[in-house]
Amino acid sequence: MATEFTPIASLLGGMLIGLSAVILMAANGRIAGVSGILTRLLDFKLGGISERPGLFFIFGLIAAPVVYATLFGGWPEQTVSRNFALMAAAGLFVGFGSAFGNGCTSGHGVCGLSRLSTRSLVATCTFMAIAAATVFVTRHLI
Amino acid sequence: MNIAGLIAGLIFGLGLVLSGMADPAKVLNFLDITGTWDPSLAFVMGGAIAVTLPGYALLRRRTKPLFAKTFAFPSRNDIDPRLLTGAASFGLGWGLSGFCPGPALTAISFAAPGTLVFLPMMVLGMVLARRVAPNSAQPA
């Protein structure tokens with residue numbers, strides 16, 4: 001199913017993500033990597049009180065669509081697969097992979113590339129390539 | 001630090017919604033180069049890096065953040081099998097669903113059934129990864 005190409009909204013949205021990453025580093029000295037923040041929250045031995053700002057970050061992330069709908073008066077469009085077995089497997093791979101590889105699209109993709117990190121560049125190229133190959137197989141071969 | 005975290009999370013989430021990345025269909029279409037390709041995600045990454053790269057460069061000239069003792073910039077630069085295995089597993093799940101951790105969390109309030117199946121499994125996956133490799137507290 002085709003989606004509309006939205007260069008302006010996507011560029012502006014991307015810049016907001018960048019602004020968020022700069023604010024989090026300037027204020028709290030932390031990388032705005034969603035999997036990293038969430039994983040450390042789940043790790044009770046290392047987490048606890050010092051990770052509370054991370055909990056607030058997650059709250060903000062979850063509250064954002066409600067704020068968006070209040071500001072702009074419209075709920076954004078979303079199409080999520082109803083193949084629950086596939087979504088369950090995907091969730092497991094995403095959670096395991098981002099925690100095991102120390103980063104996801106935000107940590108390695110946005111923040112890592114902005115630090116000019118070779119490690120993040122390799123990770124980003126790897127997950128982009130595997131994800132594109134996965135989509136090719138599921139949409140064009142199966 | 002809590003308020004700064006909340007504000008950063010809100011702005012991040014608004015960015016995800018505005019950019020269209022809270023919709024897995026847009027992400028999957030970015031990955032579907034030979035099909036119904038939608039290049040929007042490249043503009044999201046470009047916009048984000050265009051702000052973060054100079055922002056981080058300016059911050060590195062300062063000695064410490066406003067509310068914490070140090071900047072926690074990651075220091076590792078080695079390419080180990082764990083990084084590649086993790087990125088490959090993440091890429092597979094991302095390609096199957098169109099969800100990565102940020103958009104999946106932001107999508108909670110849309111309450112799509114697929115999202116509500118995806119999220120607990122994602123959390124389980126993270127817990128499993130920490131069981132397999134407990135000493136991995138480093139960000140990114």
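## Where α1(A) meets α3(B)

In this predicted model, the axes of α1(A) and α3(B) come within 7 Å of each other and cross at roughly 30°. Axes here are lines fitted to C-alpha atoms, for helices over the stretch in contact, and angles run from 0 to 180 degrees between N-to-C directions. The two helices, α1(A) and α3(B), are therefore roughly parallel; angles under 35 degrees count as roughly parallel, over 145 as roughly antiparallel, 65 to 115 as roughly perpendicular and the rest as oblique. Their crossing is right-handed, a term used if the near helix is turned clockwise from the far one by less than a right angle, with left-handed used if anticlockwise. The residues of this contact between α1(A) and α3(B) divide into 19 nonpolar, nine polar and no charged. In that grouping, Ala, Val, Leu, Ile, Met, Phe, Trp, Tyr, Cys and Pro are nonpolar, Asp, Glu, Lys and Arg are charged, and the others, Gly among them, are polar.

Let us look at α3(B) by itself. This helix has 20 residues and reaches 29 Å from its first C-alpha to its last, close to the 28 Å expected at 1.5 Å a residue; the expected span is 1.5 Å times one less than the number of residues. Among the buried residues of α3(B) are S40(B), L41(B), F43(B), V44(B) and M45(B). A residue is buried if 20 or more other C-beta atoms lie within 10 Å of its own, exposed if 12 or fewer, and partly exposed in between, with C-beta atoms placed from the backbone. The buried residues of α3(B) pack against α1 and α5 of chain A, together with α1 and α2 of chain B.

## How to read the names

Residues are numbered from 1 along each chain as its sequence is written, while chains are lettered from A and ligands numbered from 1 in the order in which they are written. In this predicted model, local features need pLDDT of at least 70, side-chain atom pairs count only at pLDDT 80 or more, and totals for chains, interfaces and linings use all residues.

## The two chains

Chain A comes to six helices and zero strands, and so does chain B, with six helices and zero strands. Helices (H or I, at least four residues) and strands (E, at least two) are DSSP runs, numbered from the N terminus. The C-alpha atoms of chain A fill a box of roughly 45 × 40 × 30 Å along the principal axes, and the C-alpha trace of chain B spans about 45 × 35 × 30 Å.

Of the 142 residues in chain A, 54% are buried; of the 140 residues of chain B, 54% count as buried. Two residues are in contact if their C-beta atoms, placed from the backbone, lie within 7 Å. In chain A, 42% of the contacts with a separation of 6 or more come from residues 24 or more positions apart. For chain B, the share joining residues at least 24 apart is 46% of contacts between residues at least 6 apart in sequence.

Helix α4 (residues 84-100) of chain A packs with α6(B) at an angle of about 35°, their axes 6 Å apart. The crossing of α4(A) and α6(B) is right-handed, and their contact has 21 nonpolar, four polar and one charged residues.

The axes of α6(A) and α4(B) come within 7 Å and cross at roughly 35°. This crossing of α6(A) and α4(B) is right-handed, and the residues of their contact divide into 17 nonpolar, five polar and one charged.

## Helix α5 of chain A

Is helix α5 (residues 105-114) of chain A largely enclosed or largely open? Nine of its 10 residues are buried, so α5(A) is largely enclosed by the rest of the structure. The buried residues of α5(A) include H108(A), V110(A) and C111(A). Their packing partners are α1 (7-28), α2 (34-42) and α6 (118-141) of chain A, together with α3 and α5 of chain B. After α5(A) comes L116(A), whose phi is positive, near 60°.

## A glycine in α4 of chain B

G86(B) sits in helix α4 of chain B and is buried, with 28 other C-beta atoms within 10 Å. Not counting residues up to four places away in sequence, G86(B) touches G97(A), S98(A), F100(A), G101(A) and N102(A). The C-alpha atoms of G86(B) and A129(B) are separated by 9.1 Å, though these residues are 43 apart along the chain.
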